[in-house]
Amino acid sequence: MIIASQKRKENIAEYLLYMWQIEDIIRANSLDLDKIQKNIINRFPADKKTLEKMAQWYESLIDMMRREDVVESGHLQMNRNIIGDLADLNKRVLADPRFQEYHKQFYTTLPYIVELRAKSGEEKAGEIETCFNALYGVLLLRLKGKQISDETTTAIAQISKFIALLASYYKLDEEDNLFKDNEE
């Protein structure tokens with residue numbers, strides 16, 4: 001809750017990846033608030049009131065996951081909405097000739113996106129979601145101590161650069177400063 005709130009203000013990409021991780025942590029604890037209390041909340045260095053708020057936050061996420069039927073896999077609607085917002089922003093920025101650096105980053109990243117989508121099987125995600133799936137997949141591999149190939153490392157470096165630029169534009173857009181007098 002505290003970390004999510006801070007990430008939401010600072011960097012939408014980090015926030016989204018964090019929230020995907022929270023969804024998986026909730027699943028790993030069998031959507032059981034008592035387990036989450038024991039394994040996560042009670043280990044967090046905070047006062048009693050903050051810990052109670054954290055428990056309420058996790059409880060509301062558990063409830064949403066059940067209601068939205070993402071108990072075993074998938075993402076909460078609020079997280080899918082962010083992907084949609086980022087995809088929409090991507091289209092708007094690509095349609096504006098003032099954002100040449102963004103165009104360059106997108107088209108440099110696009111071959112990696114196409115390759116990842118080709119490997120993804122039946123369910124084809126959009127370009128932005130594909131980038132986040134790749135970033136999250138590598139995060140999970142690193143957490144498990146798995147080896148990451150040089151090709152994957154190169155692809156993730158470019159995807160990260162592109163998503164970081166998109167995230168910075170998202171923040172500017174939220175502040176209504178992206179399309180105002182942009183002289184890129």
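Predicted model: local features only at pLDDT ≥ 70, side-chain atom pairs only at ≥ 80, totals over all residues.

Let us begin with helix 5, which comprises the 18 residues 77–94. At 1.5 Å a residue, this helix should span 26 Å, and its end C-alpha atoms lie 25 Å apart, so the two values agree.

Which residues of helix 5 are buried? They are Asn 79, Ile 82, Ile 83, Leu 86, Leu 89, Asn 90 and Val 93. Around the axis they cover an arc of only 125°, which means that they sit on the same side of helix 5. What do these buried residues pack against? Their partners are helix 2 (12–28), helix 6 (100–119), helix 7 (127–143) and helix 8 (150–174).

Is Thr 109 buried or exposed? Its relative accessible area is 0%, and because buried means under 20%, Thr 109 counts as buried. Leaving aside residues up to four places away in sequence, Thr 109 touches Cys 131, Gln 158, Ile 159 and Phe 162.

Finally, consider Ala 95, in the loop between helix 5 and helix 6. Its relative accessible area is 65%, and since exposed means over 50%, Ala 95 is classed as exposed. How far apart are the C-alpha atoms of Ala 95 and Leu 135? They are separated by 25 Å, and the two residues are 40 residues apart along the chain.

Methods. Residues numbered from 1 in each chain as written. Heavy atoms only, no water. Helix = DSSP H or I, 4+ residues; strand = E, 2+ residues; numbered from the N terminus. Expected span 1.5 Å × (residues − 1). Buried < 20%, exposed > 50% of the residue type's maximum accessible area, 1.4 Å probe, protein only. Arc of directions from axis to C-beta. Contact = heavy atoms within 4.5 Å.
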